[in-house]
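This report describes the fold, the nonpolar core and selected backbone torsions of a protein chain. The sequence and structure are shown first.

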Amino acid sequence: MKAVLHIDLDEDSLDITIREYLLNKLKKQDKNQQSLYSCAKCNKKIAKVVADFCLNNNDRFKGKIYCRDCQGEF
Ligand SMILES: [Zn+2]
């Protein structure tokens, strides 16, 4: 998750080829893993990296898993 956050923050300064490579890689991961987890609030399917982020922030999410949209409410 740390790597993903880093990519989001520095996206504009990354070389375009590297950026596209990383975005494709993330998309591929989402596709493979999106059905494994679902949001505790809106029940939307979420990727493993998003679920891991919630699990790594137990205090904030009370041990539950939320999609990126719902995470914004905590
Ligand atoms: Zn949600």
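## The buried face of helix 3

In helix 3, the buried residues are Val50, Phe53 and Cys54; a residue is buried if 20 or more other C-beta atoms lie within 10 Å of its own, exposed if 12 or fewer, and partly exposed in between, with C-beta atoms placed from the backbone. Because the buried residues of helix 3 fall within an arc of 100° when seen down its axis, they line one face of the helix. The arc is that of the directions from the helix axis to the C-beta atoms. Strand 2, helix 4 and helix 5 are among the elements that cover the buried residues of helix 3. Helices (H or I, at least four residues) and strands (E, at least two) are DSSP runs, numbered from the N terminus.

## Basis of the model

The model is predicted: local features need pLDDT of at least 70 and side-chain atom pairs count only at pLDDT 80 or more, while totals for chains, interfaces and linings use all residues. Residue numbers start from 1 along each chain as its sequence is written.

## Nonpolar core

Nine residues form the largest nonpolar core: Tyr37, Cys39, Ile46, Ala47, Val50, Phe53, Cys54, Tyr66 and Cys67. Helix 3 (residues 48–55) gives the most to this core, with three residues. A nonpolar core is a set of buried Ala, Val, Leu, Ile, Met, Phe, Trp, Tyr and Cys residues joined through C-beta atoms within 7 Å. In soluble globular proteins, nonpolar side chains tend to be buried together.

Beyond its neighbours within four places in sequence, Cys39 is in contact with Lys44, Ile46, Ile65, Tyr66, Cys67 and Cys70; two residues are in contact if their C-beta atoms, placed from the backbone, lie within 7 Å.

## Overall architecture

The protein chain has five helices and two strands, which follow the pattern α-α-β-β-α-α-α along the sequence. Of its 74 residues, 12% count as buried. Among contacts between residues at least 6 apart in sequence, 35% join residues at least 24 apart.

## Positive phi outside glycine

Asn43, in the loop between strand 1 (37–38) and strand 2 (45–46), has a positive phi near 70° although it is a residue other than glycine. Asn43 counts as exposed because it has 9 C-beta neighbours inside 10 Å.

Lys62 lies in the loop between helix 4 (58–61) and helix 5 (68–71). Its phi is also positive, at about 60°, and Lys62 is not a glycine. With 11 C-beta neighbours inside 10 Å, Lys62 is therefore classed as exposed.
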